[in-house]
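The sequence and structure are shown first.

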Amino acid sequence: MANNVINIFKTDPDAAPKKRQFSDDIAGRFRSGRLVGKMPESLNTWRITTGDPSVADELAKLLGGEPEEWDTDKEDNLEVLTTSASVAIIIESSDKIDASMKLFGSNGLVHHCDGVTFLSPEEDKGEPCHCPPLLQDRKDKARANRGPKPSIDVVFRLEDAPDLGLFRFNSGSWELVKVLHDVIADVDTHGGRLFDADGNVTDAGVPVRATLTIEHVSYTTKAGRDVAYNKPVIKVLGAASAAQPTSMLKAA
């Protein structure tokens with residue numbers, strides 16, 4: 001039987017299905033929410049997306065759930081809705097934690113700053129961003145889609161399966177950004193990272209153990225209004241043991 005399917009896209013090669021490509025550096029992404037239709041849903045347990053079936057299977061064994069395909073045009077087309085609200089992780093150094101303020105529009109990123117000066121585009125880098133000085137005012141503008149909100153990135157390994165590779169968690173949590181400086185300080189302190197008087201690193205230190213948790217918060221205001229929400233929490237526990245992948249120890 002002739003294989004005629006190869007000719008279907010011969011006259012329009014751009015329309016041919018593209019071979020799925022996987023990033024070498026990130027094995028998967030931890031997510032604390034999802035879209036149901038067009039509505040965002042906050043989750044009580046971690047949702048992890050990946051493009052590697054073997055990684056998805058291992059995640060399901062470690063953290064519960066079943067690998068399933070989900071609708072995306074990105075490479076991480078598999079998701080695991082785990083049964084775990086907390087996971088033990090390894091953070092190689094505080095360099096693996098980053099935060100900035102971002103506002104996206106219909107054409108992509110339209111505002112990127114650190115709260116004081118622009119971080120991009122290059123021609124605006126270092127110029128005043130004119131964000132409000134008070135945190136509450138920044139939150140109000142972000143809610144109205146007139147100002148940036150936090151974009152926090154944490155890259156880590158799973159303590160129980162470090163050889164699976166690096167995972168990323170991105171969060172827009174105002175609660176997390178308020179304590180992120182403490183998390184970074186804890187990573188440096190427990191990891192033994194040292195700096196000179198000018199702030200240059202003199203000793204990179206070692207990776208640290210931590211937990212990444214979806215914490216549920218609920219309370220009743222003085223006015224009698226019930227408030228409930230989830231927030232991500234990172235707790236640094238101490239230096240990691242030496243039994244880590246060789247590549248990770250070199251990076252430390």
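## Basis and overall composition

A residue is called buried when its relative accessible area is under 20%, exposed when that area is over 50%, and partly exposed in between, with a 1.4 Å probe and protein chains only. The model is predicted, and local features need pLDDT of at least 70, side-chain atom pairs count only at pLDDT 80 or more, and totals for chains, interfaces and linings use all residues. Residues are numbered from 1 along each chain as its sequence is written, and side-chain values use heavy atoms, with hydrogens and water left out.

The chain has 252 residues, of which 37% count as buried. Its secondary structure comprises 4 helices and 14 strands; these are DSSP runs numbered from the N terminus, helices being H or I of at least four residues and strands E of at least two. A contact means heavy atoms within 4.5 Å. Among the contacts in the chain with a separation of 6 or more, 55% are between residues 24 or more positions apart.

## Aromatic cluster

Rings of Phe, Tyr and Trp (its six-membered ring) pair if their centres lie within 6.5 Å; planes under 30 degrees apart count as stacked, over 60 as edge-to-face and the rest as tilted. The structure holds 5 aromatic pairs. In one of them, the ring centres of Phe-30 and Phe-156 are 5.2 Å apart and the planes stand at 70°, so this pair is edge-to-face. It links distant parts of the chain, with Phe-30 in strand S1 (residues 26-36) and Phe-156 in strand S9, 126 residues apart. Both Phe-30 and Phe-156 are buried.

Phe-156 also pairs with Phe-167, in a stacked arrangement with 6.5 Å centre to centre and 25° between the planes. Here the partners are 11 residues apart, Phe-156 in strand S9 and Phe-167 in strand S10 (residues 166-171). Why is Phe-156 classed as buried? Its relative accessible area is 1%. Phe-167 likewise counts as buried, at 0% relative accessibility. Phe-30, Trp-46, Phe-156, Phe-167 and Phe-169 form one aromatic cluster.

Helix H2 spans residues 135-143, and its buried residues are Arg-138, Lys-139 and Ala-142. They cover an arc of only 100° around the axis, which puts them on the same side of H2; the arc is that of the directions from the helix axis to the C-beta atoms. The buried residues of H2 pack against strand S9 (149-158) and helix H3 (174-191).

Ser-120 and Pro-121 are joined by a cis peptide bond, with omega about 0°. Pro-121 lies in the loop between strand S8 (118-120) and H2. His-130 is found in the loop between S8 and H2 and has a positive phi of about 65° although it is not a glycine. His-130 is exposed, at 69% relative accessible area. After H2, Asn-145 has a positive phi near 60°. Asn-145 is placed in the loop between H2 and S9 and is exposed, with a relative accessible area of 55%.

## Helix H3: Asp-182

Asp-182 is found in helix H3 and is partly exposed, with a relative accessible area of 41%. Asp-182 and Val-236 are 54 residues apart in sequence, and their C-alpha atoms are 9.8 Å apart in space.

## Cavity and pocket

On a 1 Å grid over the protein atoms alone, a cavity is a set of points where a 1.4 Å probe fits but cannot get out, and a pocket is an open set with protein on both sides within 12 Å along at least five of seven lines; lining residues have an atom within 4 Å of a point. There is 1 cavity of 30 Å³ or more. The largest cavity has a volume of about 40 Å³, and its lining includes Glu-92, Val-187, Asp-188 and Arg-193.

The second largest pocket has a volume of about 160 Å³. Among its lining residues are Met-101, Asp-114, Arg-138, Lys-178 and Leu-180. Strand S6 (97-105) and H3 are the elements that give two or more residues to this lining.

Terms used:
Points joined across faces, edges and corners; volume = space filled by probe spheres on them.
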